[in-house]
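Please keep the sequence and the model in view while reading.

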Amino acid sequence: MVRGNSVKKRIVSGMRPTGRLHLGNLHGALENWVSLQNEGAYECFYFVADWHAMTSDYSDTSLLRDYGINMIIDWLSVGLDAEKSVLFIQSNVMEHAELYTLLSMITPLSWLERNPTYKEMKTELAEKDLSTFGFLGYPVLQAADIIIYKAFGVPVGVDQLPHIELTREIARRFNYLYRDIFPIPEPLLADVPKLLGTDGRKMSKSYDNSIYISDRGDTLRQKVVSMFTDPQRMRKSDPGRPHLCNVFTFHGLYTDPSEVDEISHDCRQALIGCVECKNRLAQRIAERLKPVHDRQDYFYSHLNELDEIIADGNARASKIARMTMEEVRDAIKI
Ligand code: TRP
Ligand code: SF4
């Protein structure tokens, strides 16, 4: 888009509102969103993918709206800025649904059925009935989300690569069948640290092993103190292996490099015990999250301001989406 004399590339990404954000989300996705925003080279569109959340959680939608609000508060609290980025809610920009309908006409079923994420999720979430049209169509909706803004790039994690590949194929097919309207978007992968949950498995809401961005005080301390460490270190007198310890990985993110070196040394020489090491980590995380928590408190006591931010984001996104849809209808001659 032209703003002043500069032409900025647009990037688009979304997150499903399925609960509070955890430190894995923070270091895996959000920090990347914040740096892309602050680089100033891009126009960033970030949205709450509430329709996507419904593809698997359709039977209980009672918390969907609250989750969306909480998520935007978390975003703003960790440094997304509504002046710099367009923050909005998918279901408030109806054009996504119109483009989704049109793209569904041209997307071969075989592309969706062979999608690895589809197959995996269906097996993984066996307790939910995911034999729905909406769940199969998930990547078509995602393609609509992205190309409606003519995005150049999509910051995502590796798990999303098959979806972005499908988006590219769908965009190409549209361009070929009707008119060359859509740029073919690139996935933008960030280097992300491999953070595990407190029990040593992947950090995930469904495993009950997550440290949330909103955790503070005793909750935060207790979670950190319960973290798995080097499995072979039983006693303080056993030398530890920091490179195999999830607590150490977290220190790498929250603690000054010189202290990290000291911990590494002391752990290998059995000079520091895991309890002390974890207490120090809890302290560092609490310090780092303090300003985040202050901003969360601010927004929870100024919800009107949040409403304005969302309304403004919705309007800015709608403006672009409407323009694209005019072109799309014209190309299809509908
Ligand atoms: N599928 C994404 C996820 O689970 C969420 C999403 C929906 C998305 N629409 C998108 C991501 C568009 C990037 C662009 O994380
Ligand atoms: Fe991990 Fe720290 Fe224990 Fe070493 S001392 S094993 S780094 S928790």
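Strands β4 and β5 pair in the parallel sense over five bridges.

The model is a predicted one, in which local features need pLDDT of at least 70 and side-chain atom pairs count only at pLDDT 80 or more, while totals for chains, interfaces and linings use all residues; side-chain values use heavy atoms, with hydrogens and water left out. Residues are numbered from 1 along each chain as its sequence is written, chains are lettered from A, and ligands are numbered from 1 in the order in which they are written.

Strand β4 covers residues 42-48, and because seven of its seven residues are buried, the strand is largely enclosed by the rest of the structure. Buried means under 20% relative accessible area, exposed means over 50%, and partly exposed lies in between, with a 1.4 Å probe and protein chains only. The cover reaches both faces of β4: Tyr42, Cys44, Tyr46 and Val48 are buried on one side, and Glu43, Phe45 and Phe47 are buried on the other. For cysteine 44, the relative accessible area is 2%.

Arginine 10 has glutamate 43 as its bridge partner in β4, and valine 12 has phenylalanine 45. β3 is mostly covered, with five of its seven residues buried. Within β3 lies isoleucine 11, which is buried at 0% relative accessibility. The C-alpha atoms of isoleucine 11 and leucine 36 are 8.8 Å apart in space, although the two residues are 25 apart in sequence.

Other separations concern residues in helices. Alanine 29 belongs to helix α1 (residues 23-39) and is partly exposed, with a relative accessible area of 25%. From the C-alpha atom of alanine 29 to that of proline 108, 79 residues apart along the chain, the separation is 30 Å. Glutamate 113, in helix α5 (residues 109-113), is partly exposed at 44% relative accessibility.

Attention now turns to ligand 2. Which residues are around ligand 2? They are Thr229, Asp230, Arg233, Cys245, Val247, Phe248, Cys267, Cys274 and Cys277, where near means that a heavy atom of the residue lies within 4 Å of the molecule. The elements that give two or more residues to this shell are α11 (246-254) and α13 (274-300). By class, the shell has six nonpolar, one polar and two charged residues; Ala, Val, Leu, Ile, Met, Phe, Trp, Tyr, Cys and Pro count as nonpolar, Asp, Glu, Lys and Arg as charged, and the others, Gly among them, as polar. One of the shell residues is Cys267, and cysteine 267 is buried with a relative accessible area of 12%.

A disulfide, defined as a pair of cysteine sulfur atoms within 2.5 Å, is a covalent bond between the sulfur atoms of two cysteines. By this rule the model contains zero disulfides.

Two loop residues complete the account. Alanine 270 is found in the loop between α12 (257-268) and α13; its phi is near 60 degrees, a positive value in a residue other than glycine. Alanine 270 counts as buried at 19% relative accessibility. Lysine 150, in the loop between α8 (138-147) and β6 (153-155), also has a positive phi, near 50 degrees. Lysine 150 is partly exposed, with a relative accessible area of 26%.

Key:
Helices (H or I, at least four residues) and strands (E, at least two) are DSSP runs, numbered from the N terminus. Two strands pair if DSSP finds at least two bridges between them.
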